[in-house]
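Please keep the sequence and the structure in view while reading.

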Amino acid sequence: MLGLGDGQTAAALIACIGITVIGVIYGAVNWNSGDSDGEVRRRKRRRAAARRRRKKKKHNR
Amino acid sequence: MELLSMLSPAAAAVHANPDSGMNTLVLGALIAIYMLGIGYLGYRGFRKTRGSQDYLLAGRSVNPFVMAMSYGAAFISTSALVGFGGIAGQFGMGLMWLVFMNIAIGIVGAFIFFGRRTRRMGLALDAHTFPEFMGNRFQSRGLKIFLALIIFLFMPLYSSVVLIGGARFLQEVMMVDYGWALGVFAVVVAFYVVFGGLKGVMYVDALMGTVMIVGMLSLLVMCYWKLGGITTAHQALTDMAPLVAERLPQEAALGHQGWTCMPRFNSVWWWTLVSSLMLGVGIGALAQPQLAVRFMTVKSSRELNRAVLIGSVFILFTVGSAYMVGALSNVFFYYTGHGIADGIQGKLSIEAAGGNPDLIIPMFIREALPPVILYLFSLTLLSAAMSTLSSLFHVTGSAIGHDLFRNLTKKQGDSTLITRLGVVFGIAVSVILGIVLPPGIIARGTAIFFGVCAASFLPSYAAALYWRGTTRAGVWASISVGVGVSLFGLFFLHRKESAALGLCRALFGKSELIGTFPWPYVDTFVYSLPLSLAALLVVSRLTAKLPEQHLNHCFK
């Protein structure tokens, strides 16, 4: 394959290109995902506020 | 270690031939312009450095391109491009498995599985360095000091080799006095590390990484063009396989079967490739302090995701190109008759290089490719050396100033000044070591450092990120076993180091304790890492855990 001497070396080349493609796809797909610490804090605050609201509703019943 | 023997003859090989088309004045001007660019970026880093967070972690707000290129440039030194490229020229494309490990483990695995958690936990623990990260995670000032001491004792050895090698390279290509070259090289790197801190280092690394990727990619493209295309070049190299037994009987005995084949299973070269290079270098990179600290420089995991893309491409095009070109150079030297200096035609690469694999890549460029590639490659080599050197200086200075001095004297507050002094001290020690110590001791010291680092730090580092049950005693046990077994292996079992160090011969009259194949060729990493991990698991199970409140804080 591609003029190479054995399957193991061909596998090495394919593996290098393959893992690079995986890295590129992973980076591209997740380009805008992943939390900053500000977002994590804001999400935690929203969840805590929602829990307090639920508790209050339950208490009022 | 490699650079002392590599860059000087490499530069001589590049420069010596008057027919190479290389003009010293042109190269000198290019290097001068390059240095001015480096100086400017270092100055920018200096202007943007306000406190210790900026100096040590680049403000935790680095752009993903800068972070990925800096990581890659610090990771890939001249030894990877010229040294391992030459090994590929001697032994073939089996070395591409190391490229795979570098990308899979060193970039994709490291950024996704280690980077995210390191960043988060480092922020929660207010850690600015790798020793501080581990010390704060396990609530141990002693651990912080111990790790900083290991860095302080061993990293200047590695730094001295890179520094001296870079100066020798400048001496050869610019035809200047060695002392002057050493001074200029040390001052340029010192300037942007001392004043710019990690911001300066990473801005410059991004420039250097760009030069490296352009240089190596150009080299690969020109190589395939010169040899008639991808399949043609590969087939020509495959057809040369019978020459191994005929012309390289020593290499054939070691397991060499041809440049497009893997070495013979269970041969000396197979064990070296798999245990030392693929496992030792491929996995060992995870525990390098100067790389781990870069995970803490970005502001979110989004930047790390983006850096996976950039870093993967960087490694493939730099080291991947070097190893392919190294192997394919055999085709050029053996078949091509046009434009070759006397005595090279019809030889294999290692023969043309006079038995020194470090000369293969520079000779190929000089003989086969246009002068512009020579200039670009000279800048590429310089970039690889300076980027690795700056990361080593910075982490050594941080260990001395921020970790050791502050913890031993119990001083608090901003550590920028003391860290700058630590960097200056580390550079001075590196220069002095490089001048005073013989190259053999430096080389052995560096090998010890890498072997010890990987086996000692990696289990504890991984456990710190993922296992709440890791105890302080478990970490100490793991590091102690890792250091102890690695040192024992280097001094008494692994032939390459034990023969050179001589202690085994002095005590027992032989170069290694176990002469039965394959043990003299099995890298210490293969057994020291599992033993270090076992110690961590067993002792952690038997000793008291860290407080729950602290663990919740670490893993929030």
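This is a predicted model: local features need pLDDT of at least 70, side-chain atom pairs count only at pLDDT 80 or more; totals for chains, interfaces and linings use all residues.

**Interface of chain A and chain B**

- The size of an interface is often given as the accessible area lost when the parts come together.
- Between them, chain A and chain B bury about 2,700 Å², and carbon and sulfur atoms account for 64% of that area.
- Chain A contributes 30 residues to the contact, and chain B contributes 33 residues.
- On the side of chain A that touches chain B, α1 and α2 (37-60) of chain A each supply at least two residues.
- The largest share of that side, 14 residues, is provided by α1(A).
- By residue class, the side of chain A that touches chain B comprises 13 nonpolar, 12 polar and five charged residues.

**Second largest pocket**

- Rolling a probe the size of a water molecule over the atoms shows where empty space is left.
- The second largest pocket holds about 290 Å³ of space.
- Its lining consists of 15 residues; those nearest the centre are L13(A), I17(A), L220(B), Y224(B) and M324(B).
- Both chains take part in the lining: α1 (7-29) of chain A and α10 (197-226), α11 (230-239) and α16 (301-335) of chain B each supply at least two residues.
- With five residues, α16(B) gives the largest share of this lining.
- The lining of the second largest pocket has 12 nonpolar and three polar residues, and no charged ones.

**Salt bridges**

- Side chains of opposite charge can pair when their charged atoms come close.
- Over all chains, a search of the whole structure finds five salt bridges.
- One of these joins the side chains of D54(B) and K199(B), at 3.6 Å from N to O.
- This pair links distant parts of the chain, with D54(B) in helix α3 (residues 52-57) and K199(B) in helix α10 of chain B, 145 residues apart.

**Backbone features of chain B**

- Most residues other than glycine have a negative phi, and most peptide bonds are trans.
- Q139(B), which is not a glycine, has a positive phi of about 50°.
- Q139(B) is placed in the loop between α7 (130-137) and α8 (141-174) of chain B.
- A cis peptide bond, with omega near 10°, runs from F517(B) to P518(B).
- P518(B) lies in the loop between α24 (503-508) and α25 (525-542) of chain B.

Terms used:
Residues are numbered from 1 along each chain as its sequence is written. Chains are lettered from A and ligands numbered from 1 in the order in which they are written. Side-chain values use heavy atoms; hydrogens and water are left out. On a 1 Å grid over the protein atoms alone, a cavity is a set of points where a 1.4 Å probe fits but cannot get out, and a pocket is an open set with protein on both sides within 12 Å along at least five of seven lines; lining residues have an atom within 4 Å of a point. Grid points are joined across faces, edges and corners, and a volume is the space filled by probe spheres set on the points. Helices (H or I, at least four residues) and strands (E, at least two) are DSSP runs, numbered from the N terminus. Ala, Val, Leu, Ile, Met, Phe, Trp, Tyr, Cys and Pro count as nonpolar, Asp, Glu, Lys and Arg as charged, and the others, Gly among them, as polar. Contact means heavy atoms within 4.5 Å. Buried area is the accessible area (1.4 Å probe) that two parts lose on being put together, summed over both. A salt bridge is a side-chain nitrogen of Lys or Arg within 4 Å of a carboxyl oxygen of Asp or Glu.
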